[in-house]
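Biologist: I would like to learn how to read a model of this kind, one feature at a time. Please give the general idea before each case.

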Amino acid sequence: MTVTLVNPDGLPKPDVYRQLSIATGSKMVFLAGQVARDAQGRRVGEGDLAAQVEQAYLNIGTALAGVGGSFDDVAKLTIYVVDWTPDKMPLLGEGVARAAAKLGVDPVKPITLLGVAALGEPDLLVEVEATAVID
């Protein structure tokens, strides 16, 4: 499987994500939104956006490993953040960087970031959906 990340000419070239990915492989994987819960369902990082982002990304890595893939196979992410304001960007970046270091991956993917009023449980600050393509 190959995911090629591209910032095409004629579009902005952001540092923290790519505008598109070109994925080749034989199996598409659509992950449900991952949140700050560990394998036993215990809350991780109460009130800590960076910790919750980190756990959501780690959960994506775990889920993909369970079907023979890895975070490197992610073609697209959608991140939902409760009460988003631009001043939260450093915390989001910190959580992504910590997860990437633990997973040993480059976390720069096409990302859609959405601010939302609430998530399914009141203590959740972030939810991350992923689409991956694996062989």
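Biologist: How many bridges join strand 4 to strand 6?

Modeller: Two strands pair if DSSP finds at least two bridges between them. Helices (H or I, at least four residues) and strands (E, at least two) are themselves DSSP runs, numbered from the N terminus. In this predicted model, strand 4 (residues 74-82) is joined to strand 6 (residues 126-134) by 7 bridges, and the two run antiparallel. Val74, for example, has Ala132 in strand 6 as its bridge partner.

Biologist: What should I know about the numbering and the cut-offs of the model?

Modeller: Residues are numbered from 1 along each chain as its sequence is written. Because the model is predicted, local features need pLDDT of at least 70 and side-chain atom pairs count only at pLDDT 80 or more, while totals for chains, interfaces and linings use all residues; side-chain values use heavy atoms, with hydrogens and water left out.

Biologist: Is strand 4 mostly covered or mostly open?

Modeller: A residue is buried under 20% relative accessible area, exposed over 50%, and partly exposed in between (1.4 Å probe, protein chains only). Strand 4 is mostly covered, with 7 of its 9 residues buried. Across the 135 residues of the protein, 39% count as buried.

Biologist: What pattern does the protein follow along the sequence?

Modeller: The pattern is β-β-β-α-β-α-β-β, made of 2 helices and 6 strands. The radius of gyration, taken over C-alpha atoms, is compared with a globule rule of 2.2 Å times the number of residues to the power 0.38. The protein has a radius of gyration of 14 Å, close to the 14 Å that the rule gives for 135 residues, so it is as compact as a globular protein of that length. Its C-alpha trace spans about 40 × 35 × 25 Å along the principal axes.

Biologist: How many aromatic pairs does a search of the whole structure find?

Modeller: Rings of Phe, Tyr and Trp (its six-membered ring) pair if their centres lie within 6.5 Å; planes under 30 degrees apart count as stacked, over 60 as edge-to-face and the rest as tilted. The search finds 1 pair. The ring centres of Tyr57 and Phe71 are 5.2 Å apart and their planes stand at 25°, so the pair is stacked. Tyr57 belongs to helix 1 (residues 49-66) and Phe71 to the loop between helix 1 and strand 4, 14 residues apart. Both Tyr57 and Phe71 are buried.

Biologist: Which residues does Asp123 touch?

Modeller: Contact means heavy atoms within 4.5 Å. Not counting residues up to four places away in sequence, Asp123 touches Arg37, Arg43 and Gln52. Asp123 lies in the loop between strand 5 and strand 6 and is buried, with a relative accessible area of 17%. Ala118 is in the loop between strand 5 and strand 6 as well, but Ala118 is exposed, at 54%.
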